[in-house]
Amino acid sequence: MAITLDLMELDGKATPEAVAAEIFRQNPSVPLPVQVEEIASAAGILGIQPLTTDGFEGMLISNPEKSEGTIFVNQNRPPQRRRFTIGHEVGHFLLPWHRNMEDGSLKFQCTTEDMRAGGSAVPNSRMDWEIQANIFSSEVLMPRALFKKQMKRADEPDMKHVKELSLLFDTSLEATARRYVLLSDYPIAMVFALGNKVRHAWTGPEFPYFLDARKGSALPRDSQSCTDGPDDTVAEFEYIDSHWWINADRGPRPPDRILEQTLYQREGYRVVMLFAESAPEDE
């Protein structure tokens with residue numbers, strides 16, 4: 001089934017979530033994984049080309065009216081990363097307030113850090129646009145309703161399920177884990193690390209505690225995340241004293257112990273899920 005878009009129906013949509021939702025309203029039977037290249041073509045992207053500029057993940061060049069454009073993607077990245085980059089650049093193209101004029105054309109050049117941008121920024125700033133393009137890409141590649149439906153197939157959060165969702169939606173493990181934590185109805189957080197150092201961390205909407213996991217900080221020495229495991233494997237959940245991860249002086253008092261589970265990736269990368277379920281003796 002080919003994806004089609006009535007671009008007039010996107011007018012007036014004021015958020016990346018609303019624009020993505022309209023795309024799927026017009027195409028309710030899109031199969032998984034979502035063919036982001038077809039969405040790009042239906043939006044007016046004339047081609048997706050290899051990116052030869054060093055230091056960038058993706059680029060968008062379009063006419064000022066945004067009636068047509070071209071996307072360039074770093075071909076040295078894994079396929080799932082390239083898919084997210086395409087979605088990101090389509091976001092710049094379809095969100096009408098994203099306007100970065102250079103020499104008579106609209107142009108966006110996006111770095112690795114841009115692709116990881118989240119949280120909040122100054123409204124209508126360049127970083128705000130990058131955050132919105134990331135939101136759009138996540139909404140397109142992992143449609144909210146379909147993703148939450150798949151999440152509910154598991155009784156409780158589990159990194160093994162995150163791996164399965166990554167395969168189903170053909171998205172990177174990191175992008176899938178971020179989507180998972182942000183849409184979870186459970187008090188969970190995700191910590192992304194390399195070796196024993198934190199790269200970045202995300203807390204879900206139901207996780208009320210102050211997560212003490214700053215970029216560059218060491219992983220807790222009593223955590224299973226400090227141990228090594230075979231590549232692409234998931235450890236079993238284990239309880240850990242919550243003070244290793246949570247600063248109780250800067251938020252609500254957490255349970256004495258929380259659950260943690262580590263997914264070991266290649267070259268020392270790992271993702272740690274924290275689940276703030278009370279340990280039996282805390283109940």
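Axes here are lines fitted to C-alpha atoms, for helices over the stretch in contact, and the angles between them run from 0 to 180 degrees between N-to-C directions. The model is predicted. Two packed helices are described by the angle between their axes and the distance between the axes.

The axes of H2 and H3 come within 9 Å and cross at roughly 20°. Angles under 35 degrees count as roughly parallel, and H2 and H3 are therefore roughly parallel to each other. Their crossing is left-handed. On the H2 side the contact is made by Val 36, Glu 37, Ile 39, Ala 40 and Ala 43, and on the H3 side by Arg 83, Ile 86, Gly 87, Val 90, Phe 93 and Leu 94. Sorted by class, this contact of H2 with H3 has eight nonpolar residues, one polar residue and two charged residues.

Helix H3, residues 79-94, also packs against helix H5, residues 126-141. The axes of these two helices come within 7 Å and cross at roughly 120°. H3 and H5 are therefore oblique to each other, and H3 passes H5 in a right-handed crossing. From H3, the residues that meet H5 are Arg 83, Phe 84, Gly 87, His 88, Val 90, Gly 91, His 92 and Leu 94. Their partners in H5 are Trp 129, Glu 130, Ala 133, Asn 134, Phe 136, Ser 137, Ser 138 and Leu 141. By class, the contact of H3 with H5 has seven nonpolar, seven polar and two charged residues. Arg 83, Gly 87, Val 90 and Leu 94 of H3 are among the residues that meet H5, and they are also among those in contact with H2. An α-helix has 3.6 residues a turn, so residues three or four places apart point the same way.

Helix H5 also holds Glu 139. At 5% relative accessibility, Glu 139 counts as buried. The side chain of Glu 139 makes a polar contact with the side chain of Arg 179, at 3.1 Å. Leaving aside neighbours within four places in sequence, Glu 139 is in contact with Glu 17, Ala 20, Phe 24, Arg 144 and Arg 179.

Arg 144, another contact of Glu 139, falls within the range of helix H6, residues 144-151. The axes of H6 and H7 come within 11 Å and cross at roughly 140°. H6 and H7 are therefore oblique to each other, and H6 passes H7 in a right-handed crossing. The contact is made by Leu 146, Phe 147, Gln 150 and Met 151 of H6 together with His 161, Leu 165, Leu 168 and Phe 169 of H7. By class, it has six nonpolar, two polar and no charged residues.

Some backbone details come next. Most residues other than glycine have a negative phi, and most peptide bonds are trans. Asp 170, in the loop between H7 and H8, has a positive phi near 55°. With a relative accessible area of 23%, Asp 170 is partly exposed. Lys 66 also has a positive phi, of about 55°, although it is not a glycine. Lys 66 lies in the loop between strand S2 (58-62) and strand S3 (69-73) and, at 11% relative accessibility, counts as buried. A cis peptide bond joins Leu 32 and Pro 33, with omega about -5°. Pro 33 is found in the loop between helix H1 (16-26) and H2.

Val 198 is found in strand S7, residues 197-203, and counts as buried at 5% relative accessibility. Val 198 and Ser 217 are 19 residues apart in sequence and 5.5 Å apart in space, C-alpha to C-alpha. Beyond four places in sequence, the contacts of Val 198 include Val 191, Phe 192, Ala 213, Gly 216, Ser 217 and Leu 219. Ser 242 lies in the loop between strand S9 (238-241) and strand S10 (257-264). Ser 242 is buried, with a relative accessible area of 5%. Not counting residues up to four places away in sequence, Ser 242 touches Pro 254, Pro 255, Asp 256, Arg 257 and Ile 258.

Conventions: Residues numbered from 1 in each chain as written. Predicted model: local features only at pLDDT ≥ 70, side-chain atom pairs only at ≥ 80, totals over all residues. Heavy atoms only, no water. Helix = DSSP H or I, 4+ residues; strand = E, 2+ residues; numbered from the N terminus. Parallel < 35°, antiparallel > 145°, perpendicular 65-115°, else oblique. Left-handed = near helix turned anticlockwise from the far one by under 90°. Contact = heavy atoms within 4.5 Å. Nonpolar A, V, L, I, M, F, W, Y, C, P; charged D, E, K, R; others polar. Buried < 20%, exposed > 50% of the residue type's maximum accessible area, 1.4 Å probe, protein only. Polar contact = N/O pair within 3.5 Å; in protein donor to acceptor, adjacent residues only side chain to side chain.
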